[in-house]
Structures are given as C-alpha cells and as structure tokens.
Amino acid sequence: KYQKPEWKPEISYTEEEGIGYLNIISKDERDKINYDSSDNNEWDIRLTKEIKNDLNIRMGAGTGKFELAGSNLKRFDFQMAAGEVDINLKNTSVPDLRIKAIAGKATIDLTGEWHNDMHASVTGGIGELSFILPESVGTRMEFTGILANIYAPAFTKNGHTYTNEKYGFTKETMYIEVFGGIGEINVKMED
C-alpha cells in the first residue's frame with residue numbers, strides 16, 4: 001500500500017532461459033520532497049519455497065523490515081542509503097549474502113539451522129551494524145577498514161579476524177567479511 005500516487009510501484013515480469021525476473025520499482029522524482037513519520041510505503045511480497053530465489057533490494061531512505069525466515073534463497077543482496085533496517089534471514093541457509101548500509105542502523109538475523117556454508121560481504125557506513133548468529137555454526141569474521149567499536153564477546157580476536165569456538169569444528173561455516181564503517185558493530189550469538 002502507498003499513500004501518494006507518485007509512489008505507485010512499476011511492476012514488470014520477464015523470463016529468459018527458464019529464469020523469471022520480477023522487478024518492482026517505486027520512485028518519487030518530485031523536486032521538493034518533504035517526508036514525515038506518517039508517510040508509509042508498505043509492500044507485502046511472498047516468495048515460494050519451492051524454488052531458490054535471488055533477492056536484490058535497493059532502499060533509498062526510510063525504515064525497512066524484511067521477514068524472510070525460512071525462505072529458499074540462493075542470494076540476498078541489499079543496499080540502503082540511509083535509515084533503519086531489520087533483516088530476518090533465520091533458517092534460510094542463504095549461501096551468498098551482500099549488504100551495504102551507508103548510514104543508519106542495520107540488524108541482520110542469521111540464526112537457525114544451516115545446511116551449507118555462507119559467504120557474506122557487508123559494507124558499513126556511519127552508524128550501527130548488528131549481527132545475530134547461530135551458536136551451533138562455526139563463524140569467522142574479518143574486519144577491514146573499520147573505525148568502530150566491535151562488541152563480539154563470544155569471539156576470539158586475532159588481529160582483524162574474529163572466530164567463535166565452533167569455528168573449524170562444524171560441517172557448515174559462516175565466512176563474514178565486514179568492510180568500512182564508523183560507529184558500532186555488535187555480534188550476538190543465539191540458538
């Protein structure tokens with residue numbers, strides 16, 4: 001649902017070589033834009049669990065909540081210019097994760113069961129970045145170019161590399177690279 005006519009999304013679907021491409025674009029190209037807290041542009045998109053999906057999301061500014069727990073994802077690629085976002089990827093076993101948050105606050109929940117390795121590339125800007133990771137999966141995090149306080153009490157630090165106690169001892173492994181960032185990074189472990 002959207003409140004302003006100019007927010008009506010453009011929706012297109014094409015197929016190429018048996019692969020479907022759904023594009024949903026919502027732009028506001030007015031010269032003078034004055035948003036306030038009552039503005040709302042809400043989408044409810046449901047994905048089938050029968051096939052693997054690639055999600056590529058670009059968010060300008062605002063608040064976003066992505067409830068993708070249990071989704072069948074091959075890749076999740078998310079970029080945000082400014083705002084606050086909660087991304088729930090619990091029980092997805094998404095093998096390829098890319099996130100870029102320029103300014104604001106981002107929380108990424110990767111808890112639950114994992115059936116494969118995950119390779120993640122996360123680029124931070126200015127603000128707060130929080131990870132919620134499963135205790136039962138070995139995890140290695142590499143931090144590069146960070147001017148931030150890193151709070152990861154369940155991890156052992158060796159230079160720019162952080163590993164949990166399960167790293168090297170589980171079938172599945174999470175490899176998370178975090179680039180850049182000024183602010184705060186929190187890493188929490190949960191079952």
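This is a predicted model: local features need pLDDT of at least 70, side-chain atom pairs count only at pLDDT 80 or more; totals for chains, interfaces and linings use all residues.

**Salt bridges.** I count a salt bridge when a side-chain nitrogen of Lys or Arg lies within 4 Å of a carboxyl oxygen of Asp or Glu.

I started with Arg58 and Asp77, whose closest N and O atoms are 3.2 Å apart. This pair ties together distant parts of the chain, since Arg58 sits in strand E3 (residues 53-67) and Asp77 in strand E4, 19 residues apart. Are the two partners buried or exposed? Arg58 is partly exposed, at 45% relative accessible area. Asp77 has 11% relative accessibility and so counts as buried, because the cut-off for buried is under 20%.

Next I looked at Asp96 and Arg98, which meet in a salt bridge at 3.3 Å, N to O. Arg98 comes out as partly exposed, with 37% relative accessible area. I then checked which residues are joined up in a network of salt bridges. They are Arg58, Arg75, Asp77, Asp96 and Arg98, so both of the pairs above belong to that network.

One more pair: the side chains of Arg140 and Glu142 form a salt bridge at 3.2 Å, N to O. Arg140 is partly exposed at 32% relative accessible area, and Glu142 is partly exposed at 23% relative accessibility.

**Aromatic rings.** I asked how many aromatic pairs there are, and the count comes to three. In one of them, Phe76 and Phe78, the ring centres are 6.4 Å apart and the planes sit at 5°, so I call the pair stacked. Phe76 is buried, with 0% relative accessibility, and Phe78 is buried as well, at 1%.

Another pair is Phe143 with Tyr162: centres 5.0 Å apart, planes at 80°, and therefore edge-to-face. This pair links distant parts of the chain, with Phe143 in strand E7 (residues 138-144) and Tyr162 in strand E10 (residues 161-164), 19 residues apart. Phe143 and Tyr162 are both buried. I also noted one aromatic cluster, made of Phe66, Phe76 and Phe78.

**Strand pairing.** For a landmark I picked Thr123, whose bridge partner in E11 is Phe179. E11 also pairs with E7, again in the parallel sense, over seven bridges. The landmark there is Gly138, which has Thr173 as its bridge partner in E11.

**Trp114.** Where does Trp114 sit? I found Trp114 in the loop between E5 and E6. Its relative accessible area is 6%, so Trp114 is buried. Leaving out residues up to four places away in sequence, Trp114 touches Thr92, Ser93, Val94, Pro134, Val137, Glu172 and Met174.

**Positive phi.** Ser93, one of the residues that Trp114 touches, has a phi near 50°, a positive value in a residue other than glycine. Ser93 lies in the loop between strand E4 (73-88) and strand E5 (96-109). At 5% relative accessibility, Ser93 counts as buried.

Glu17 also has a positive phi near 50° without being a glycine. I located Glu17 in the loop between strand E1 (10-16) and strand E2 (19-25). Is Glu17 buried or exposed? Exposed, because its relative accessibility is 84%.

**Nonpolar patch.** Last stop was the surface. Ile11, Tyr13 and Leu22 make a nonpolar surface patch of about 350 Å². Ile11 is in strand E1 and counts as exposed, at 59% relative accessibility.

How values were computed: Residues are numbered from 1 along each chain as its sequence is written. Side-chain values use heavy atoms; hydrogens and water are left out. Rings of Phe, Tyr and Trp (its six-membered ring) pair if their centres lie within 6.5 Å; planes under 30 degrees apart count as stacked, over 60 as edge-to-face and the rest as tilted. Buried means under 20% relative accessible area, exposed over 50%, partly exposed in between (1.4 Å probe, protein chains only). Helices (H or I, at least four residues) and strands (E, at least two) are DSSP runs, numbered from the N terminus. Two strands pair if DSSP finds at least two bridges between them. Patches are made of residues with over 30% relative accessible area and no salt bridge: like charges are joined within 9 Å, nonpolar side chains (Val, Leu, Ile, Met, Phe, Trp, Tyr) within 5 Å. Accessible areas come from the Shrake-Rupley method with a 1.4 Å probe; for residues, only the protein chains shown count as cover. Contact means heavy atoms within 4.5 Å.
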